[in-house]
Structures are given as C-alpha cells and as structure tokens.
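Trainee: Hi! Could you walk me through this one?
Mentor: Happy to, let's take a look together.
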Amino acid sequence: MSKPIRYTLATLSAFTVLAVAYLWLIFASPFFYSPPENLPVIEDDATYSVFVYGTLTKPWVRWLVMGRSAEVELAELPGFRKDELDIQADTGAVVKGQVILVNADEFRALDRYERLGVRYERIELTLQDGRSAWVYRLLKKE
C-alpha cells in the first residue's frame, strides 16, 4: 500500500475515533451536564416506556446513548405535530414514533442525552392506543 493511501486511512481512522469520542462525551457521558435538583425521581427497580420521535428512533443513536439499540414498538402520539426537534400541541394531528422500554440507568442516560431540565423537559402523555409514555419536549424559551 502506498504512503499517501496509508496516510489518508490513518487520518480518516483518527477522525472517526475523535468524532465518536466527542459524541459520547457530549451526549452520553455524565460530563458537561448537571441535572437540576427538582427532577422527578427515577425508581431503580422500575421499567419505563419512552416515546421517541427524533434522533432516538435511530438504533445506532440509542446504542451510543444507552449501550444497546433496544427493541422498539411503533406508536402514535395524538394531539401533537412534529416541529423540527420538538412536538407542538395541535388538535387532530398525530406524531408517528416508537416506544422503547428502558430500565432506570437507561432512563438516566436518556435524560443526560436530552439534557433534561436544561434543554428538554420530560412529560408523561397518553399514546393513541391508551398507554402512557414519557416524552421529551423542548423547554419553552423565556
């Protein structure tokens, strides 16, 4: 293999490693995020249903954030419409997404990823089929 090709492959490999490390550091690690004091308690022995409609619908993102891709179930959230990285109340609209079941540690990892209390809030809503699930929504700017 020629020197330029080896140099290019080494550069691409280094860039990939740095990119993955950066993504983990910012979105999955406990660094650079301090949760607010008033967040709801997460019970260690419980499982939680979370409705996802954006980046968390991608298995590789869930793997990066939670350490596994998790099985999903298709679901719909009535009374809302998707608005870029958020959902907005809209009578008659429906947001298509997925429900994932997570344990307490995975739920905390999702809270870190979404920067709960800083960027997003977590609210419990009722899905089209009557089940309830936690949903992340952008905090309102004041």
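Trainee: Which residue takes a positive phi in the hairpin of β4 and β5?
Mentor: That is Gly-130, with a phi near 95 degrees, and the hairpin has five residues between the strands. Strands here are DSSP runs of E, at least two residues, and helices are runs of H or I, at least four, numbered from the N terminus. Keep in mind that this is a predicted model, where local features need pLDDT of at least 70, side-chain atom pairs count only at pLDDT 80 or more, and totals for chains, interfaces and linings use all residues. Residues are numbered from 1 along each chain as its sequence is written, and side-chain values use heavy atoms, with hydrogens and water left out.
Trainee: In what sense do β4 and β5 pair, and over how many bridges?
Mentor: Strand β4 (residues 120-126) and strand β5 (residues 132-138) are antiparallel, with seven bridges; pairing requires that DSSP finds at least two bridges between two strands.
Trainee: And what stands opposite Glu-124?
Mentor: Trp-134 in β5 does.
Trainee: New topic: where is Leu-39?
Mentor: Leu-39 lies in the loop between α1 (3-28) and β1 (47-52).
Trainee: Is Leu-39 buried, exposed or partly exposed, and why?
Mentor: Leu-39 counts as partly exposed because its relative accessibility is 24%; buried means under 20% relative accessible area, exposed over 50%, and partly exposed in between (1.4 Å probe, protein chains only).
Trainee: Which residues is Leu-39 in contact with, leaving aside neighbours within four places in sequence?
Mentor: Those are Tyr-33, Leu-116 and Gly-117, where contact means heavy atoms within 4.5 Å.
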